[in-house]
Amino acid sequence: MKKKARKQLVRVIINAIGSFLCCSVVLGASMILFFYGLDMTEEMIKHRAMLTFSSIVFLSFLFVAQDMIRSWYGEKRQVKRIMKGMEAITRGDFSYRIEHINRFELFNQYDEIIDGINRMAKELESSETMKKDFISNVSHELKTPLSTISAYCEILQDPSLSEEERNERISMILKNVKKLSNLVSNILKLNKLENQEIYPEKRNFDLSARVASSFLSYVDACEEKGLVINASVKDDVRIYSDPDLLDIVWNNLIGNAVKFTPKGGKISVSLKENEEEVIVSVSDTGVGISQESLKHIFERFYQGDTSHQTEGNGLGLSLVKRVVEIVGGEISVDSTERQGSIFEIKLKKES
């Protein structure tokens, strides 16, 4: 903005200098014509005075006409270029950008409009890309379990299958049905959150109990994988927020920690507080996240570790991020590949 302001100031100064020079020329020419005739007769002086006045009027008219033509032509070009850009954007060409036509990079009010339209087009292009990626990802995520279910259903039609084999196929079908159900549920939740169709129903509640309850629901899964669990949750920590929305956060973070921590690893959950806020952290000694993936982990459907793609659909952390934003909190992550990750949530006690 400062750069544009400087350019606008330069433009004003140049226009002022131009006007000053024009006036100087007119007045100078007029004075020369007038004084040139002072040594003549009275009749000639009157004639020269009329000539001087006529010259002033004529030159002033020329300058005004020149300025009007220049302004009209310049504005017409600017408006035409803006309308062409708007028509392209209206047709759906969000990659279109309107170029500035002012020489010497001197900005005026039309350039401000052009910049605004270009920013709008950039945002629309980004939204369009996200929409296409979303549709593509949803199609892929739906196709994979549906194909698996279809294949196992065909196998179940084989009468020679043993009871054990039949139960195994049914178990796989149920697993993929559950995956589809979770995917659809998460898509609906995320859509409502992003479209602000879900509003926090805040009340004063015991955060310690909610975090502990979420953690306890994963104890069996931890025991099955032989994971070491550690909970350091301060008792009776109360906040004013939406407990149901925050359960989405705790369940996703703890669930991810269990998924991506190999056998024999460790998972920790802690809850502490200070005068203004509470801090909940979920850490693990799992596969970790690369520095490149850290830039994208809160994006929808993003799955940095392709070896674990079958364990999720890439929507969990998007939900976590959106919920934390809605309740007015902050989320941060620190991770190292093959060493583990730490997710930290900060929530205001009163918000």
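## Salt bridges and strands in a predicted chain

Arg210 is partly exposed, with 24% of relative accessible area (buried is under 20%, exposed over 50%, partly exposed in between, using a 1.4 Å probe and protein chains only). This is a predicted model, where local features need pLDDT of at least 70 and side-chain atom pairs count only at pLDDT 80 or more, while totals for chains, interfaces and linings use all residues. Residues are numbered from 1 along each chain as its sequence is written, and side-chain values use heavy atoms, leaving out hydrogens and water.

Back to Arg210: what does its side chain meet in a salt bridge? The partner is Asp244, at 3.1 Å from N to O. Arg210 sits in helix H5 (residues 207–216) and Asp244 in helix H7 (residues 243–259), so this pair ties together parts 34 residues apart in sequence. (Helices, H or I with at least four residues, and strands, E with at least two, are DSSP runs numbered from the N terminus.) Asp244 is partly exposed too, at 47% relative accessibility.

The structure holds seven salt bridges, each defined as a side-chain nitrogen of Lys or Arg within 4 Å of a carboxyl oxygen of Asp or Glu. Why can such pairs form? Side chains of opposite charge can pair when their charged atoms come close.

| Pair | N to O distance |
|---|---|
| Arg210 and Asp244 | 3.1 Å |
| Glu273 and Lys234 | 3.0 Å |
| Glu325 and Lys321 | 3.9 Å |

Take Glu273 and Lys234, which meet in a salt bridge. Glu273 lies in strand E4 and Lys234 in the loop between E2 and strand E3 (238–241), so the pair ties together parts that are 39 residues apart in sequence. Glu273 is partly exposed at 29%, and Lys234 is partly exposed at 42%.

Elsewhere, salt bridges with shared partners join Arg210, Asp244 and Asp247 into one network.

Now for the strands. E2 (residues 228–233) and E4 (residues 266–273) run parallel and are joined by six bridges; two strands pair if DSSP finds at least two bridges between them. E4 and E5 run antiparallel, with seven bridges, and a hairpin of three residues connects them. Which residues does Ser270 of E4 face? Ser232 stands opposite Ser270, and in E5 the bridge partner of Ser270 is Ser281.

Over in helix H2 (residues 42–90) we find Leu62, partly exposed at 40%. Together with Phe58 and Phe61, Leu62 makes a nonpolar surface patch of about 330 Å². (Patches take residues with over 30% relative accessible area and no salt bridge; like charges are joined within 9 Å, and nonpolar side chains, meaning Val, Leu, Ile, Met, Phe, Trp and Tyr, within 5 Å.)

For the chain overall, there are nine helices and seven strands, and 33% of the 351 residues count as buried.

How far can you trust it? The chain averages a pLDDT of 78, and 67% of the residues score at least 70; pLDDT is the predictor's confidence in each residue, from 0 to 100. Confidence is lowest in helix H1 (residues 2–36), at a mean of 63, and highest in strand E5 (residues 277–284), at 94.

Note on methods: Areas by Shrake-Rupley, 256 points an atom, 1.4 Å probe, with all protein chains shown as cover.
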